[in-house]
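Thanks for coming, everyone. Today I'd like to walk you through one structure, stop by stop, for those who are meeting it here.

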Amino acid sequence: MRTAYSVETVRAAERELMARLPEGALMQRAAAGLAAACADLLGRVYGKRVVVLAGSGDNGGDALYAGARLARRGAGVTAVRLNPERVHGGGLAALRKAGGRVVDVSGAAALIERADLVLDGIVGIGGKGGLRGDAVALAEVADRARAAVVAVDLPSGVDGDSGEVRGAAVRADLTVTFGTYKPGLLVDPAREYAGVVRLVDIGLELPAVGELEALQHADVAALLPVPGVESDKYRRGVVGVAAGSARYPGAAVLSVAGALRGGAGAVRYVGPAGDAVIARFPETLVSDQGPKHAGRVQAWVVGPGAGDDAGAVTEVLAGEVPVLLDADGLRLADPEVVRGRTAPTLMTPHAGEAAALLGVAREEVEAGRLAAVRELAARYRATVLLKGSTTLVADAGGGAVRVNATGTSWLATAGSGDVLSGLVGSLLAAGLPALDAGSAGAYLHGLAGRYAADGAPLGAHDVAAAIPAAWRDVCD
């Protein structure tokens, strides 16, 4: 599992470690890891042209010391001082001693255009808001140039805690981060600016629980249900799906497709699309008598393609089993009923639906995804899975937010969310807590999307069909 910690937590850990180390030792550790990453990216260091964009403070110092190491290996290194009065003195002296040059901003654009590598040491992890002054122009030149761009700890101009980008920012090909991940490296829109992220261990001692968690294969494999020798279809869990309408029968079919591949022993479908469901999946238990008369289930999925029929949503929310609310179900559900439930509720909005639930513009949710998912979870007292390029899952009780980035942009296709709802609902019925069901389901769904696409367009049914391959890959 990759864990990300807040800027303040990282700074506190750095202060504790620096108190035990000789002066400057921690910066040298960071610079050594940064220089090694740059050397790996360059392939051959000797003769390469490197430009260091050195802002004030320790971030600029890390970049300058790394530049000095590269200069000692034969690179032609030039440091651009964005703020000559506040540049890190020790780093500057080390670079000059190693044979590097130091210039001010004037003429820096031409140097960047000819460089093989640009080292972004403009702003550290505590920076707020976008880039300012000369840094804006330099970031734009670096983005257009052929040089590889390496960010020091975090791309300058992005918010390390929230993942927000409020103005101009550096777009990196590689970000070398120190000690631990920061939330902004894992959450869009900032994640898009980070490129590949390389973690350098500098010996920080951090709490067990951070701000953000990103599951890996082994974490998901440990969560997925495995039937025992005494299992039958009912012991494995039965998931109910109340979805679809005369206008949107496909939503029912796709939700059931995801549910059948999600680990529960059986799927009960309730709704007007029963004929379409049974024609595609004859193993489904189909009823048209409403959720109350469907038979026993361990969890419900309600809302995909439901149109304006609030009856099924109301019946399902009145029950005492976990409920996944998606699509029209999010709109039709009574917020007070959701807040008052004692059984788990998992809401799965995309950005537009989240904006409607919060009463804000969609752009506000997309710009501040971490804040939005936390606010929704707190406001509705529910677990919330916010779909998107990085899917976020926040628990009703707070704690670390889970982030998932296994998907592909080809998953932005009609019906993909219906498959996810069925898959996650099945995991709920199999007994997983809402946070784990949402996290594991998003992980598998993203992998399935990659397998199904393989670099080409896909349909939602392709995603459902690829879930078993994703499951096997995770568990191998």
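Gly258 counts as buried because its relative accessibility is 0%, where buried means under 20% relative accessible area, exposed means over 50%, and partly exposed is in between, using a 1.4 Å probe and protein chains only. Before we go on, please keep in mind that this is a predicted model, in which local features need pLDDT of at least 70 and side-chain atom pairs count only at pLDDT 80 or more, while totals for chains, interfaces and linings use all residues. Residues are numbered from 1 along each chain as its sequence is written, and side-chain values use heavy atoms, with hydrogens and water left out.

Back to Gly258, which has its place in helix H9 (residues 249–260). Helices (H or I, at least four residues) and strands (E, at least two) are DSSP runs, numbered from the N terminus. Which residues does Gly258 touch, not counting residues up to four places away in sequence? They are Val419, Gly422, Leu423 and Ile467, with contact meaning heavy atoms within 4.5 Å. From Thr3, Gly258 is 255 residues away in sequence and 29 Å away in space, C-alpha to C-alpha.

Helix H17 (residues 416–429) and helix H19 (residues 460–475) have axes that come within 8 Å and cross at roughly 40°. Here axes are lines fitted to C-alpha atoms, for helices over the stretch in contact, and angles run from 0 to 180 degrees between N-to-C directions. On the H17 side, the contact is made by Ser416, Val419, Leu423 and Leu427, and on the H19 side by Ala460, Val463, Ala464, Ile467 and Trp471. Sorted by type, these residues are eight nonpolar, one polar and no charged. For that sorting, Ala, Val, Leu, Ile, Met, Phe, Trp, Tyr, Cys and Pro count as nonpolar, Asp, Glu, Lys and Arg as charged, and the others, Gly among them, as polar.

Next, the cores. A nonpolar core is a set of buried Ala, Val, Leu, Ile, Met, Phe, Trp, Tyr and Cys residues joined through side-chain atoms within 4.5 Å. How many residues does the largest one have? It has 54, and those with the most contacts inside it are Leu34, Val52 and Leu119. Helix H2 (residues 25–42) gives the largest share of this core, 10 residues. Leu34 touches Asp62, Ala63, Ala66, Leu119, Val150, Val152, Val176 and Phe178, leaving out residues up to four places away in sequence. Another core, of 52 residues, lies apart from it and includes Ala252, Leu324, Val393 and Ala429. As a general point, nonpolar side chains in soluble globular proteins tend to be buried together.

Let's turn to Thr180, in the loop between strand E7 (174–178) and helix H7 (190–194). Is Thr180 buried or exposed? Thr180 is buried, because its relative accessible area is 4%. Its side chain reaches the backbone oxygen of Thr3 at 3.1 Å. Beyond four places in sequence, the contacts of Thr180 are Thr3, Ala4, Tyr5, Val10, Leu199 and Leu206.

That loop between E7 and H7 also holds Pro189, and the peptide bond from Asp188 to Pro189 is cis, with omega near 10°. Most residues other than glycine have a negative phi, and most peptide bonds are trans. So let me show you some positive phi values too. Ala327, in the loop between strand E14 (323–325) and helix H12 (328–332), has a positive phi of about 50° although it is not a glycine. Arg381 also has a positive phi, near 55°, and lies in the loop between helix H16 (369–380) and strand E16 (383–386). With 57% relative accessibility, Arg381 counts as exposed.

Our last stop is helix H14 (residues 351–358). Six of its eight residues are buried, so H14 is largely enclosed by the rest of the structure. The buried ones are Ala351, Glu353, Ala354, Ala355, Leu357 and Leu358. They pack against H12, strand E15 (345–347), helix H15 (362–367), H16 and E16. Just after H14, Gly359 takes a positive phi of about 75°.

Technical notes: A polar contact is a pair of N or O atoms within 3.5 Å; within protein, one must be able to donate a hydrogen and the other to accept it, and residues adjacent in sequence count only if both atoms are side-chain atoms.
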